[in-house]
Amino acid sequence: MLKGRKILLCVTGSIAAYKAVILVRLLTKAEAEVKIIMTTAAMDFVSPLTFSTLAKNKVLSNLFDQETWANHVMLGRWADAMLIAPASCNTISKMANGICDNLLQATYLSATCPVLIAPAMDEDMWHHPATKRNINLLKQYGHTILPVNDGELASGLTGEGRMAEPEEILQFLERFLSGKLSLAGKKILITAGPTYEPIDPVRFIGNHSSGKMGISIANEFAARGAEVTLILGPSSETVPANVTTIKVTTASEMFDAFFNYFDKSDITVMAAAVADFTPDNIALQKIKKNGDELALKLKNTKDILSKAGEMKTHKQVLVGFALETENEKANALKKLHNKNADLIILNSLNDNGAGFGHDTNKISIFNRNGDEQLFEKKSKKEVATDIVNAIINFKNE
Ligand code: CTP
C-alpha cells in the first residue's frame, strides 16, 4: 500500500532514533520513497550513513551545505507525508511555537503535506503541562499525533512516553495514507438538517438549517471506510450514496430513528438543528383566521444529545454542535458538560459565512478540559475533514 508513496522521515535527538532505522528498512521494503532529515542531536544517536545507506538517499540536515541550499519548501511539497519519528520533546516544542532554527523546522513550517508526529520521551516530560500544551497546539494545527506506548524508558523507569514500534508506525502510516485511518469497520451515526414541527396539516415550525454540514461530515466518514448512518431532517441536499440515510420530519421522529442505531455506534455526531419546541396539539384541520391573533401552546421536545450522553459507554465518542449568538464559548462548554458529550463544535452566527445555509463554516472544537481548536473559515467539505481528524485524534489519545 505504501508502494511509490513519498515519505519525508525526520529523525530527532532521542534514543528511539535507532527504531527509525528499522522504520526506514520497513518503508523501503514496502517500496516507499524515503527522504530523511536529521537534526544535529539525532546524529549523536545514529550515524547519517546508516540512514542514507538504507534509504538510498543523502541525509539532509543543514539549510545550507557549503554552496548548496537545501530546498525546504520543495521537500514539504514533494512528500505525501512528513513523519517526525522520533519526535523529541524539544522538537515538539519548537514545532508548536513556530521556531525556525534548523532544516527540520524550516521544512515543517513550509510543508503543505500532512504531518504525523511520533513522540518519544520520558514519562514525566510527556505529562508536563508544557508538553501537553504543545501537543494540543500541534493537534490544533491539524497534525496527527501517533499514540505513545507504555513500557521501559531510556531513564530505566517504566511508563508512558515510549515511541510507537516501527511496525505500528508503518501500519498507522498505511492506514493514514489510504484514508482509512482506523475507521474501516467503525459505525458512525450522524444527525443533520432541521426538524419541522407541524402546527396543522399545512404549517410547521422550522429553522434555516440546510443539512449541508452534517451531510459533509457523513461523506467524510464514509470516504474513510466507515459504515455511516445519517438521520436527516427535511433537506433538499443530495444524500450520499454510500451512507444509509433515514429521512425524518419531526424532532420526535428523529429521536426514535436515532435510538434504533445509537447503542451500536462507535462515533456519533449531532449536527442537526433539532427544534426545541413543538406544538402541544396539532390541529387536524387547517387553522382558520379568527380575530387578530393566534396563541400557540408549545412544549419542549426531547433532547436527543442529552439522552445519548446519559446512555453512552466509555467506548463511544459523542460529539455535539452548538450554534450560538452570544457568550459563545461559555454556552458551548455548558452544553458540552450538561449533555455529557466528549467534544463540542461551536459555530457562531456572529462569524460571517458560518452556520445555516452557507457553503462555508467557521468552527472551534472544545474538549471537556476546555481546550479549544480554532479553525479558519473554510468550505463545509474542508471543515468536515477537520472535524473527522479532530475526532480521530481524540480517539487516539
Ligand atoms: N440537540 C438534540 N436534541 C434536541 C436539541 C438539541 O440532539 N432536542 C443537539 C443538537 O443536535 C446539538 C446540540 O444538541 O448537537 C446543541 O443544540 P442547540 O440547539 O445549540 O442547544 P440547545 O440545547 O437546544 O440549547 P439552546 O437552544 O437553548 O441554545
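This is a predicted model: local features need pLDDT of at least 70, side-chain atom pairs count only at pLDDT 80 or more; totals for chains, interfaces and linings use all residues.
View 1. By residue class, the shell divides into eight nonpolar, five charged and two polar residues.

View 2. Altogether 15 residues surround the ligand, and the closest of them are M270, A272, D276, K335 and K339. The space that the ligand takes is the largest pocket.

**View 3. Polar contacts between the protein and the ligand.** A polar side-chain atom of D276 lies 2.8 Å from an oxygen atom of the ligand, whereas K302 contributes through its backbone, with an N or O atom placed 3.1 Å from a ligand nitrogen atom. For I304, a polar backbone atom is found 3.0 Å from a nitrogen atom of the ligand. Of the 570 Å² of accessible area that the ligand has on its own, the protein covers 76%.

**View 4. An open sheet of five strands with parallel pairing.** The strands of this sheet follow the order β2-β1-β5-β6-β7. Its edge strands are β2, residues 33-38, and β7, residues 144-145, each of which pairs on one side only.

**View 5. The pairing of strands β6 and β7.** Strand β6, made up of residues 115-119, runs parallel to β7 and is joined to β7 by two bridges. Within this pairing, L116 has T144 of β7 as its bridge partner.

Key:
Residues are numbered from 1 along each chain as its sequence is written. Side-chain values use heavy atoms; hydrogens and water are left out. Two strands pair if DSSP finds at least two bridges between them. Helices (H or I, at least four residues) and strands (E, at least two) are DSSP runs, numbered from the N terminus. A residue is near a molecule or strand if one of its heavy atoms lies within 4 Å of it. A polar contact is a pair of N or O atoms within 3.5 Å; within protein, one must be able to donate a hydrogen and the other to accept it, and residues adjacent in sequence count only if both atoms are side-chain atoms. Accessible areas come from the Shrake-Rupley method with a 1.4 Å probe; for residues, only the protein chains shown count as cover. On a 1 Å grid over the protein atoms alone, a cavity is a set of points where a 1.4 Å probe fits but cannot get out, and a pocket is an open set with protein on both sides within 12 Å along at least five of seven lines; lining residues have an atom within 4 Å of a point. A molecule sits in a cavity or pocket if more than half of its atoms lie within 2 Å of its grid points. Ala, Val, Leu, Ile, Met, Phe, Trp, Tyr, Cys and Pro count as nonpolar, Asp, Glu, Lys and Arg as charged, and the others, Gly among them, as polar.
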